[in-house]
Every structure is written in structure tokens, then in C-alpha cells.
Amino acid sequence: MTISSINLVFAGAWDRFVPYSGLHLVSVFVCVLAVAALAGIGHTLSDTRKTDLRRALGVFAIAYWVVSYTMLWYRHGLDLPSGLPLHICELNNLIAPLALLTLNRWLRATAYFWTFALTTQAFVQPTLTTGPAGVFFWLFWAQHTIVLACAVYDLAVVGFRPNWQDLWRVYVVSALYLAIVVPLNLEFGTNFGFLGNSPPARVPPFVDALGPWPWRALIVVALAAAGFAILVLPWRGRASHKPT
């Protein structure tokens, strides 16, 4: 394959990310492959080793969260309040590993529903403009892959099975999240949770297609709540396995 053909596949630029390009597809494939490989390895281990891997993944994810945000704040400065890690995926980058480490039901429920209903949207419609030449490209995909890996490991290896009580748990947590970020968005013009009044270039295409703000914010909340409920259905009547 020639350099010109490689550039054609990857939209002709290594410093610019184009959604639904070859680079996008390859990035998602690599991320999903890494998550599947980790879950596959977990299935082959003894119960003791599964626990060790679960804890190692949790510690690694928290360390990544601390290092990545420290690095970003050091490079660009902490712009309060817009620089706070209050997007769903950013919070979930901390909640998901804590769920693995503690096996707390509230954390596990939040990680499950937030990951599969919301964080997965970052793979489908990423708000990413920087290509592989920029560090943010790697941080973006690593962040969302780690969250997905934690949730999949809890579901596929540890044996977490969400139920209707877990649905109400995530509704409560999500309501608390809204109670925090909505006033911040209104006061400071931020866009936490993609619920603020930001230009179309700063929101996912699907969110922008829902119409003008503030009505699209209400639709996003309603769709998320419906998505959470749908995610319970595959596990009805299936009890969680004993944690390992």
C-alpha cells in the first residue's frame, strides 16, 4: 500500500480526525478488540487471578484518570468551571474503576448504565477533531476504552447482572448529576453532559439534530432514561454471580 493510498483511507490528515473515516473505523476496531481480549483473558483465569486482574484494572484506570487530567491541566491550565471533569464519560472514568474495586452496587449500576447507554456514544459519534499527531487523540480513545473495559469486565467476568432496583439507583445518581451540571451550564455557559447551549461543532451530531436548546436537552434526558430502562431487559430474572 502506498503512502497516498494510506492517506486516502485516513482522510488525508494525521493531525485532523474526521468522523466515519477509515481512521475512525480502525480506532473503534482496536478499542473493541482490546476490551474483548481483556474479557477473554479474564474468563480463562482462576477465581483468584480474576480478582487480581479486576483490582489491577481498577487501579490502572484510576491512575490513568489522575495522570491524564493532571497532564491536561498542566498543559492548558485549569479553566474553572469548564475545565472540571464533569462530563458523563469523565466522571464514569472514575466511577467504573471504583465499581470494580469496591463492588458497591450503586457504583456498579451507575457504571453499567452510563457506559452502555452513554459512553458508547463516544465510539459512534466522537466529538474529536485531533488526529493521531496530537496527544488528545490518544487520550480520548484510551479514556473511553478504559471505561468500557471496566464495565464489560464487571458484566462478563465478575458476573454483574443489573435489575430494576439498579435502574432506580442510576436514576437517582443521574438526577443528582443533573442537579449539579444544569445550574453550572446555565450560570457559566458550559456544556456538561451536552446539556448546555453550545455551538453545533461542540456537540455530537445526533444531539445537535434533536433541535434547538433547551428542548434538545430535555430530549437527551428523556432518551437517556429510556435507554437505561431498555438495558435492564436482557437481564430480567438473572441474578448476579458471586463476586470473584
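**Entry 1: the largest cavity.** I looked up which helix gives the most to the lining of the largest cavity, and helix 7 came out ahead with four residues. This is a predicted model, so I keep that in mind as I go. Helix 4, helix 5 and helix 7 each supply at least two residues of this lining. I noted the lining residues, among them Ala96, Arg108, Tyr112, Cys150 and Asp154. By type, the lining has nine nonpolar residues, two charged and no polar. The space inside comes to about 60 Å³. I also checked the count: there is one cavity of 30 Å³ or more.

**Entry 2: the largest nonpolar core.** Which residues touch the most other members of this core? I found Tyr112, Phe113, Trp114, Trp141, Cys150, Tyr153 and Phe228, out of 56 residues in the core. Helix 7 gives the largest share here, 14 residues. I then followed Tyr112, leaving aside its neighbours within four places in sequence, and found it in contact with Leu155, Phe160, Pro162, Leu231 and Trp235. Tyr112, Leu155 and Phe160 were also in my notes for the lining of the largest cavity.

**Entry 3: the second largest pocket.** I turned to the second largest pocket, which holds about 200 Å³ of space. Helix 2 (22-44) and helix 7 (135-158) are the elements that give two or more residues to its lining. Helix 2 gives the most, with six residues. I spotted Trp141 in this lining, and Trp141 is also one of the core residues that touch the most other members.

Notes:
Residues are numbered from 1 along each chain as its sequence is written. This is a predicted model: local features need pLDDT of at least 70, side-chain atom pairs count only at pLDDT 80 or more; totals for chains, interfaces and linings use all residues. Side-chain values use heavy atoms; hydrogens and water are left out. On a 1 Å grid over the protein atoms alone, a cavity is a set of points where a 1.4 Å probe fits but cannot get out, and a pocket is an open set with protein on both sides within 12 Å along at least five of seven lines; lining residues have an atom within 4 Å of a point. Grid points are joined across faces, edges and corners, and a volume is the space filled by probe spheres set on the points. A nonpolar core is a set of buried Ala, Val, Leu, Ile, Met, Phe, Trp, Tyr and Cys residues joined through side-chain atoms within 4.5 Å. Buried means under 20% relative accessible area, exposed over 50%, partly exposed in between (1.4 Å probe, protein chains only). Contact means heavy atoms within 4.5 Å. Ala, Val, Leu, Ile, Met, Phe, Trp, Tyr, Cys and Pro count as nonpolar, Asp, Glu, Lys and Arg as charged, and the others, Gly among them, as polar.
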